[in-house]
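Here is a quick tour of a model for someone meeting it for the first time. Have a look at it, then read on.

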Amino acid sequence: MTLTDNAARTDARAETPGPAPAPAKAPRPKPVPERAVLGRFPRAVRILGYAFALAIGLLYVLPFVLQIANSFKTDADASANPLALWPTTPSTAAYQRLFGIADAGESVPFLRWLTNSFVVTTLVTAGRVLFDSMAGYALARLRFRGRGMLNVFVLAVMAVPGIVLLIPKFLVLNSFYMFDSYSGMVIPLLVDAAGIFIMKQFFEQLPREVEEAARIDGAGTFRTFWSVVLPMARPALITLTILSFQGSWNEFTHFLVATQSEQYETLTTGLARFVAGGLGGGNQYPLKLAAAALATIPVAILFFVFQRHFVRGANAGSVKE
Amino acid sequence: MKRPTSLARRREGAWGWLFVSPMVLVLGLFLALPILMALWVSLLHWDGQSNPFTGGKATFVGLDNYRDLLTRDGLDRTLLATSLRNNAYYVLLAVPLSTGLALGLALVVNQRMLKGRSMLRTAFYFPSVTSTIAVSTVFLFLFQGSGAINNLLSWVGIKGPNWLTDSRGLVWTTLGGLGLVDPSRPPGASHVIMGLPLSEWLAGPSIAMCTMILMATWTSSGTFMLIFLAALQNVPRELEEAAALDGVTRRRMLWHVTLPAIRPVLFLVLTLALIGSWQVFDMVYVMGQGAPANTTLTPAYLSYQAAFDNADYGQGAAIAFILFALILVLVGAQRWLLRERQGKEGRPA
Amino acid sequence: MAPPRPHTHARARTRTTARTTTAVLSGLAVLATAGCGSGFGSSGGQQQTRAGNQRLTVLIAPSSTAETTAVKQAVAGYEKTSGNQVTVQTAADINQQLGQAFSGGNPPDVFYVNSDQFANYAQGGSLYPYGDKIWNLDAYPKSLLASFSNDGKQTCVPKDGSSLALAVNPKLWKAAGLTDKDHPRTWDDLERVAKKLTKGKVTGLVTSEEYQRLGAFMKQAGGWVTNASQTTMTADSKANEKGLDFVKKGLNAGWWKFSKQVDALNAGEAFGQGKAAMTIEGSWLDGQLAHDYPDTDYKLFDLPEGPGGKGNLAFTTCWGVAQKSRHRDAAVDLVQYLSTSEQQQAMAEKFGAIPVRESSAEAYFARHPEFEPWSPMAKGVQGPTTVKGMDKPLAQFNSELLNLRSAAPKTILGNLQHNGEPVIKEAQR
């Protein structure tokens, strides 16, 4: 896990939700006339500043560029000229092997990884969006016995470091006969505390009047939630969808302990085992880099299309003022 | 407003429980219950070959697993000590580095006059959304002995180390480079704490671990930058304008107006980084599984290895709970420390 | 931030949402009912005994892509004759995958068992002892069989075996002005030729840092990790120190390097890429070179002798059958098929697995005398350590050996002695 894997879920904890937290439909704060408070920097400083910003930006982009470039090289070329942005002898051998076009007998089961990742991610995302918003709504709005206790429970769950759950999850899946199956991969991920928290915060700052009006019109609790509240929650739902997709697409540790057979490998577990163990070959970097690149593409597309929502997700709940 | 009748109340209560039932089921069964199960297993000697909850061949050993790890001299304790040392250095470097870098990036991107800042923001944030596994693969490639990074370094005449296979500690290597210490005979080798010689405790992160710290900084700074950015944009403009009217310099503005205003967020980020970096696992799994020479072994990976590689699930669970306790204590300590400071410094000058 | 306004088209949107939700819910329901995963105590009970139409899973940890291909081809032959279906899976980290599978109750039916893990699995009750069902068990060398027996029973049979040999690159050998007569017979010889071969990007000798290679030098100095009966640790002996001192000398002088120092995943890769003029490996080297580096030629020599005489290490892996397998009979049947002389010969030709049935081995070396140095049956060859739980101290030993350049052999060996003693004591109880 990196520093940020838990960021989204822990962010949301951020103590007392302030009166107007983030996930609201943010009509991007109309930038007040773009004017700096202090005057402009002197020209020399500005040029230096741009050069510096560009250099840092390059530092963040270059690894990906090199990854793509080297995935089109031959093994020998990649190890001899790792910095070259253009392959000496361009080769799509890595991609052909991944898609089973060449060397069928010994290719990496990449298509299976891809399918598994898509299936699991779709189910998890769907489940989270539905169940998190249901729970979030109930915790924010419905009055029932034990609500206070459940609120504490959600906060407590968010406080548990995920890595501590590796062995526990394995034990429980085994006890329920769910080890090494799709259900074991998906069901434990269907609800996440951070998502509930985001939705709860959102529902809490919706005006009550609309619901009251619906209720006076004779709508029951479920109808009110379904036809009135959920449609209003669109921005929060999009944020949640994206967070869930990204989270389950990149999920590694849960799948690592929940499965063992090759047939359940996802892009993360498959790639990790392939890269860590090598499967008897040499380094084969072009192949590994190509697989890693392809594993990144879906999230990358999502990122560039819905960047605004990613930004909101990262900040969900963490802004307290 | 109409007062709800008691029937409506009861009905609402039923709906409430219905709405939260998936959450209660999933979180209860797959989070709360397993923790209790693992707590039980941590008191067993169980090799994974039988059902530990129905008797079977698992033997109850009380606190033996914890004793082996914390007080009894032996390999188990040495390994835990090694992993704690590694992770402590990781936290010590990665947390300030990524927080500092993120704040710097946020300040750059927050420059209202900077052209192309949304592009920069995208570039800085992108590594954060990709999977650690994929990024680790790329870093493995870039940081090979004759890889891209060392090629780059050679342009400026530096002969880079063989990053991910170099187990030399940073402290002794640096001091050795300055001629202060002989790295092959570091001081404190005879004094042993928790099965690990003092010289090993003080060795600093290995070069391989430093590579991972670099990667963690690179991937996590984006998320933190966004959090800082939101905070910076929420700094009341009037505050800055008032200061500008008083004619303060840029540096004073940063120190005395902007930073104090975002202090709560700074603490939040520090806490997040602290919690996250005690859980390093994914990149350890991909980038060496503890190699070279156990210098990238972390408690999280050790727990996994004890259980799944060595079939000692009791010990694995015990390591996980030790780690859990450690994180709780450290986060508590950090909060307490920072709260003190906040009180003492009083209002921004 | 303004709260969002209620949507005016709520009705229309609701209908589509409702439809998606129904789809999602039914999908999840299917998932829940179609759980059919595995868990504690599952399987093991119902045995499928009827021949034909059984589905078997084989988990292998291939040393090269050539090995995967060869096993798949062999298995395909079995499918044809038996009517059973067999899936071959490759494991990157077989210890971890098997461990998880055993406790998960859903292990593969047939799998590779490393000699260093054998005691852990066998004493944990994960392995189905099938030795008595194998035809002509006497044809295996006693020393190899001993590595895979537990509690007086032959638990499994070795699939192949190999010892270590010195492989040299003839092109680089010649370029350095060396001839066949320079075949290194002693440590001094080795040092002399390695120094000559070290030039530019080429290192004289590249090996992995594991005790599974360097241990040969401990043996050649007259030492070893344990005594012959594996009842006492002898790691901190002077002889072992002498062996490692020699390795350390080579590392510090630069004519010996570990594969990781030259950016290779293993020594075979370094040798194949021409970064190493010599390496010390077992017969799996052949498969790797043939498949990944067909342009790199090699020639084998016996390992040099040290102050303690000849010394070499034997490696072997057995075909394990899971106790919890639902197709134990079919699994044994498959092992039987793979152990026939014919299949062993085929594996040998395809990726260099040296046959272990004595008759097959003789036939093989008659055809390929150049592979003779890899024979695991030679005298003075140290078999694998099979003490339960010893893999952990040995893994620690390996990780410390990586630091051999700067660390003192005495300390490293002392640690091994210290870590191994409680394990060996525990195993004898």
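Let's start with chain B, which has 15 helices and 4 strands. Helices here are DSSP runs of H or I with at least four residues, strands are E runs of at least two, and both are numbered from the N terminus. What you are looking at is a predicted model, where local features need pLDDT of at least 70, side-chain atom pairs count only at pLDDT 80 or more, and totals for chains, interfaces and linings use all residues. Residues are numbered from 1 along each chain as its sequence is written, and chains are lettered from A and ligands numbered from 1 in the order in which they are written.

The predictor gives the complex an ipTM of 0.89 and a pTM of 0.87. For chain C, the mean pLDDT is 85, with 89% of its residues at 70 or more; pLDDT is the predictor's confidence in each residue, from 0 to 100. Residues 1-15 of chain C stay under 50, and the model has 26 contacts beyond four places in sequence for them. Two residues are in contact if their C-beta atoms, placed from the backbone, lie within 7 Å.

**Chains A and B in figures**

Here are some figures for the two chains. A residue is buried if 20 or more other C-beta atoms (placed from the backbone) lie within 10 Å of its own, exposed if 12 or fewer, and partly exposed in between.

Chain A comes to 16 helices and 0 strands. As for chain B, its C-alpha trace spans about 80 × 75 × 40 Å along its principal axes.

**More on chain B**

UniProt, in an unreviewed entry, lists "domain: ABC transmembrane type-1" at residues 84-334 of chain B. UniProt positions follow the numbering used here, feature names are shortened, and annotations may be inferred rather than shown by experiment. In the model, that span of chain B is 69% helix and 2% strand, and its end C-alpha atoms lie 18 Å apart.

How many residues does each side bring where chains A and B touch? Chain B gives 91 residues and chain A gives 87. On the chain B side, helix α1 (residues 6-41) makes the largest share, with 21 residues. By class, that side of chain B has 63 nonpolar, 21 polar and 7 charged residues. Ala, Val, Leu, Ile, Met, Phe, Trp, Tyr, Cys and Pro count as nonpolar, Asp, Glu, Lys and Arg as charged, and the others, Gly among them, as polar.

Helix α1 of chain B also holds B:L36. Is B:L36 buried or exposed? It counts as exposed because 12 other C-beta atoms lie within 10 Å. Its C-alpha atom is 34 Å from that of B:A134, 98 residues apart along the chain.

Next comes helix α6 (residues 148-155) of chain B, whose buried residues are B:A148, B:I149 and B:N150. The cover over them includes α2 of chain A together with α5 (132-142) of chain B. After α6(B) comes B:G157, with a positive phi near 80°.

**Over to chain A**

UniProt's unreviewed entry places "transmembrane region" at several stretches of chain A, including residues 47-69 and 152-173. Residues 47-69 of chain A are 100% helix and 0% strand, with end C-alpha atoms 30 Å apart. Residues 152-173 of chain A are 73% helix and 0% strand, and there the end C-alpha atoms are 25 Å apart.

Chain A is divided into domain 1 (39-98) and domain 2 (110-309), with bounds from an automatic or database domain assignment. Taken over C-alpha atoms, the centres of these two domains of chain A are separated by 33 Å. Their contact takes 12 residues from domain 1 and 11 residues from domain 2. On the domain 1 side, the elements giving two or more residues are α2 (43-71), α3 (75-80) and α4 (93-98) of chain A. The residues on that side divide into 5 nonpolar, 4 polar and 3 charged.

Last up is helix α12 (residues 234-249) of chain A, where 12 of the 16 residues are buried. Among them are A:L237, A:F245 and A:W249.
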